[in-house]
Amino acid sequence: MRRARLTVHVSTKLNRSHVVTGARALILPTLGRTERDLRDGGEQFVTVEDSMGMVHASRGRLEPASRHLLSEPAIVCRLARRVLGADSKVPWEEFERDYATIRDRIARVIPGFEDFNARVARPGGFALPHAPRDERRFPTATGKANFTAAAVEYPELPAGRLLLQTLRSHDQYNTTIYGLDDRYRGITGGRRVVLVNPEDARALGVADGSYVDLVSEWRDGVERRAPGFRVVHYPTARGCAAAYYPETNVLVPLDATADTSNTPASKSVVVRLEHAPGDVAEGGPGDRRPQARPEGRLEQSATD
């Protein structure tokens with residue numbers, strides 16, 4: 001990131017990502033989804049697809065924090081006009097003035113979005129087509145559902161190592177963090193924690209509440225370290241540990257990816273735990289957050 005000539009953030013609020021920039025940096029404040037979006041074409045809304053495949057309108061009800069704030073579509077349209085110039089055949093000004101014109105273009109090119117504006121105006125929106133669900137039809141070469149079976153692979157862990165998975169907390173959307181509490185797992189007041197099975201922790205000599213550095217191991221021999229994580233004894237599977245991302249993204253090598261999808265292997269990171277310098281036992285005079293509620297350690301998450 002720091003090697004880039006220019007970095008641009010479109011943001012609803014300041015966060016730590018804004019301090020890691022290129023040679024020049026722009027922070028473009030934008031309307032939040034809860035704020036009203038008034039353009040020349042009237043009050044605007046955007047559309048979202050939920051986890052059930054339903055497409056519906058999303059519009060804010062609150063007065064904007066500032067009359068100078070622009071929406072995300074408006075920012076993109078203005079950037080496009082400045083970058084592409086007057087020769088662009090895309091009607092960026094029209095798109096910025098009335099988002100319905102964007103949906104009309106989407107309806108022309110993306111299957112399942114025909115008559116987009118009329119359908120999204122209905123209460124609850126509309127469902128995207130899904131041939132197996134709607135018609136019991138499978139768009140495969142055979143016309144049937146095709147199943148594949150992959151060989152079961154078991155990661156081999158060196159002695160004294162754990163298999164780390166990265167995960168989200170309750171108050172988190174992707175890498176956007178809204179709070180420091182995680183009601184899924186009973187963690188409060190912070191996110192720099194590593195969840196370790198109590199038996200593994202005893203074997204490794206790390207007490208509940210102690211602090212460790214997480215060090216990942218990969219075939220390139222490069223040391224990747226995430227310092228200062230509080231150990232929380234938690235009923236993870238033996239040999240496994242868990243910690244939040246993006247705090248632990250630094251531990252994932254860029255070439256540690258899945259064979260077919262090429263996605264980062266963030267659920268399968270071999271790590272060792274090293275006692276952090278100046279470690280303070282839980283409850284001592286220098287005790288640091290975060291804390292784990294005892295009852296939280298018995299909860300299992302079905303979300304990650």
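Arg136 is located in the loop between helix H5 (131-135) and strand E8 (162-167); helices (H or I, at least four residues) and strands (E, at least two) are DSSP runs, numbered from the N terminus. The model is predicted, so local features need pLDDT of at least 70 and side-chain atom pairs count only at pLDDT 80 or more, whereas totals for chains, interfaces and linings use all residues. Residues are numbered from 1 along each chain as its sequence is written, and side-chain values use heavy atoms, with hydrogens and water left out.

**Backbone features**

Although Arg136 is not a glycine, its phi is positive, at about 55°. Arg136 has a relative accessible area of 63% and is exposed; the term means over 50%, with buried under 20% and partly exposed in between (1.4 Å probe, protein chains only). Asn262, in the loop between E15 and E16, is another residue other than glycine with a positive phi, near 65°. Asn262 counts as exposed at 52% relative accessibility. The loop between strand E15 (240-244) and strand E16 (269-275) also holds Pro246, which is joined to Tyr245 by a cis peptide bond with omega of about 10°.

**Helix H3**

Helix H3 spans residues 100-109, and its buried residues are Ala100, Thr101, Arg103 and Ala107. Viewed down the axis of H3, these residues fall within an arc of 155°, so they line one face of the helix; the arc is that of the directions from the helix axis to the C-beta atoms. Arg108 and Val109, on the other side of H3, are exposed. The buried residues of H3 pack against strand E5 (46-49), helix H2 (92-97) and helix H4 (116-120), where contact means heavy atoms within 4.5 Å.

**Aromatic pairs**

The whole structure contains four aromatic pairs. Rings of Phe, Tyr and Trp (its six-membered ring) pair if their centres lie within 6.5 Å; planes under 30 degrees apart count as stacked, over 60 as edge-to-face and the rest as tilted. Two of the pairs are listed below.

| Pair | Centre to centre | Angle between planes | Class |
|---|---|---|---|
| Trp92 and Phe95 | 6.0 Å | 90° | edge-to-face |
| Phe116 and Phe126 | 5.8 Å | 85° | edge-to-face |

Trp92 and Phe95 are three residues apart in helix H2, and therefore separated by about one helical turn. Trp92 counts as buried at 18% relative accessibility, and Phe95 is buried at 8%. Phe116 in helix H4 and Phe126 in strand E7 (residues 126-127) are ten residues apart, and both are buried. Ring pairs also bring Phe113 into a cluster with Phe116 and Phe126.

**Pockets**

The largest pocket holds about 1,600 Å³ of space. On a 1 Å grid over the protein atoms alone, a pocket is an open set of points where a 1.4 Å probe fits, with protein on both sides within 12 Å along at least five of seven lines; lining residues have an atom within 4 Å of a point. Grid points are joined across faces, edges and corners, and a volume is the space filled by probe spheres set on the points. Of the 40 residues that line the largest pocket, Asn15, Ser17, Thr175, Thr176 and Ile177 are the closest to its centre. The largest share of this lining, three residues, comes from E1.

The second largest pocket has a volume of about 580 Å³. Among its 19 lining residues, Glu153, Pro155, Trp218, Ala265 and Ser268 are the closest to its centre.
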